[in-house]
Amino acid sequence: MIEMATGLWVALVFGVVPLAGCLFWNWNDIRYALPHYHRGSEGGGMLPPGYMGIPFLGEMLTFIWYFKIVRRPNDYITSKLRRYGSDGGLYRTHLFGSPSIIVFPPSAIKFVLQSDSNFLPEWPAAELVGVNALVSVEGDSHARVRNFVLRCINKPDALRRIALMVQPRVTASLKSWAQKGRILVHKEAKKVTFGNIGKFFAGFESDPVLDTLDELFKGLMNGIRSQPINFPGTAYHHALEVIHFIS
């Protein structure tokens, strides 16, 4: 009995556990990439090189490490180039809960951005930004909304009005910064920019109102950049609550 139990433990440790770990580590590649390889052998298209990560999370932990923790996003692409080479400049991965392709060469990026019918926008979620937002619509609707926005903010008369409107707040902020002596430029510049946007698009000038909107905006942006998991405590759920609060 002891020998049998020992044999079972050895088989478990040296057989089942490594196999389970290998399946776990490569599960997304097995689930998403393997069927494409089979179709590719029958004359279909092949997927680019890459790694799709573990179940559900994919490569999000690596993505967060480079983009949020060490704040060196270029190193994320560099790691792909170093591991898989620069031929083609396309890499498969799994981000934000979905299989994804990272596009690196400018020519490929241009092709994607100009092919509205082939690459439909799925991020950010329309539930957060609205179904008629510039980033949600496509085709003729996208062109119409984009032209409307450009006419509002990118014409000489519009730029002149914007400059006259933002000048008092910018001047006052510069004087305030000089009196403080030492400031956090990112924080102060963001505050001035947000105040000017609130005044231009909604007519808000009261600092308490703008501070409240700023906090709501932070919650919304955190939800847009997060996994779309609608569960209490998640950033996405909080962003939905922000939308319900302001609507």
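Biologist: Which helix gives the most to the nonpolar patch?

Modeller: Ground rules come before that. This is a predicted model, in which local features need pLDDT of at least 70, side-chain atom pairs count only at pLDDT 80 or more, and totals for chains, interfaces and linings use all residues. Residues are numbered from 1 along each chain as its sequence is written, and side-chain values use heavy atoms, with hydrogens and water left out.

Modeller: Now the terms. Helices (H or I, at least four residues) and strands (E, at least two) are DSSP runs, numbered from the N terminus. A patch takes residues with over 30% relative accessible area and no salt bridge; like charges are joined within 9 Å, and nonpolar side chains (Val, Leu, Ile, Met, Phe, Trp, Tyr) within 5 Å. Accessible areas come from the Shrake-Rupley method with a 1.4 Å probe, and for residues only the protein chains shown count as cover.

Modeller: Here, α2 gives the most to the nonpolar patch, with 3 residues. The patch is made by Leu19, Leu23, Trp27, Ile30 and Leu34, and covers about 470 Å². Helices α1 (2-25) and α2 each supply at least two of its residues.

Biologist: Is Trp27 buried, partly exposed or exposed?

Modeller: Buried means under 20% relative accessible area, exposed means over 50%, and partly exposed lies in between (1.4 Å probe, protein chains only). Trp27 lies in helix α2. Its relative accessible area is 39%, so Trp27 is partly exposed.

Biologist: Next, backbone angles. What phi does Phe56 have?

Modeller: Most residues other than glycine have a negative phi. Phe56 has a positive phi of about 70°, although it is not a glycine. Look for Phe56 in the loop between α2 (27-41) and α3 (60-69). Phe56 counts as exposed because its relative accessibility is 54%.

Biologist: Where is Arg71 found?

Modeller: Arg71 sits in the loop between α3 and α4 (73-84). Arg71 is not a glycine either, yet has a positive phi of about 55°. With a relative accessible area of 59%, Arg71 is exposed.

Biologist: On to strands. How many bridges join β1 to β2?

Modeller: Two strands pair if DSSP finds at least two bridges between them. In this model, 6 bridges join β1 to strand β2 (residues 98-103), and the two run antiparallel. Arg92 stands opposite Ile101 in β2. The hairpin of β1 and β2 has 2 residues between the strands, and Phe96 takes a positive phi near 55° there.

Biologist: Is β1 mostly covered or mostly open?

Modeller: Mostly covered: 5 of the 6 residues of strand β1 (residues 90-95) are buried.

Biologist: How many aromatic pairs does a search of the whole structure find?

Modeller: Rings of Phe, Tyr and Trp (its six-membered ring) pair if their centres lie within 6.5 Å; planes under 30 degrees apart count as stacked, over 60 as edge-to-face and the rest as tilted. The search finds 7 aromatic pairs. Among them is the tilted pair of Phe194 and Phe217, at 5.6 Å centre to centre with 50° between the planes. Phe194 is in helix α9 (residues 185-202) and Phe217 in helix α10 (residues 207-224), so the pair ties together parts 23 residues apart in sequence. Phe194 counts as buried at 17% relative accessibility, whereas Phe217 is partly exposed at 40%.

Biologist: Which residues do ring pairs link into a cluster?

Modeller: Phe63, Tyr66, Phe67 and Tyr76.

Biologist: Last, salt bridges. Which residue forms a salt bridge with Glu59?

Modeller: A salt bridge is a side-chain nitrogen of Lys or Arg within 4 Å of a carboxyl oxygen of Asp or Glu. The whole structure has 7 of them. Glu59 pairs with Lys80, their closest N and O atoms being 2.6 Å apart. This pair links distant parts of the chain: Glu59 is in the loop between α2 and α3, Lys80 is in helix α4, and they are 21 residues apart. Glu59 counts as buried at 8% relative accessibility, and Lys80 counts as buried at 3%.

Biologist: What separates Lys218 and Asp214?

Modeller: About one helical turn, because they are 4 residues apart in helix α10. Shared partners join Asp214, Glu215 and Lys218 into one network of salt bridges.
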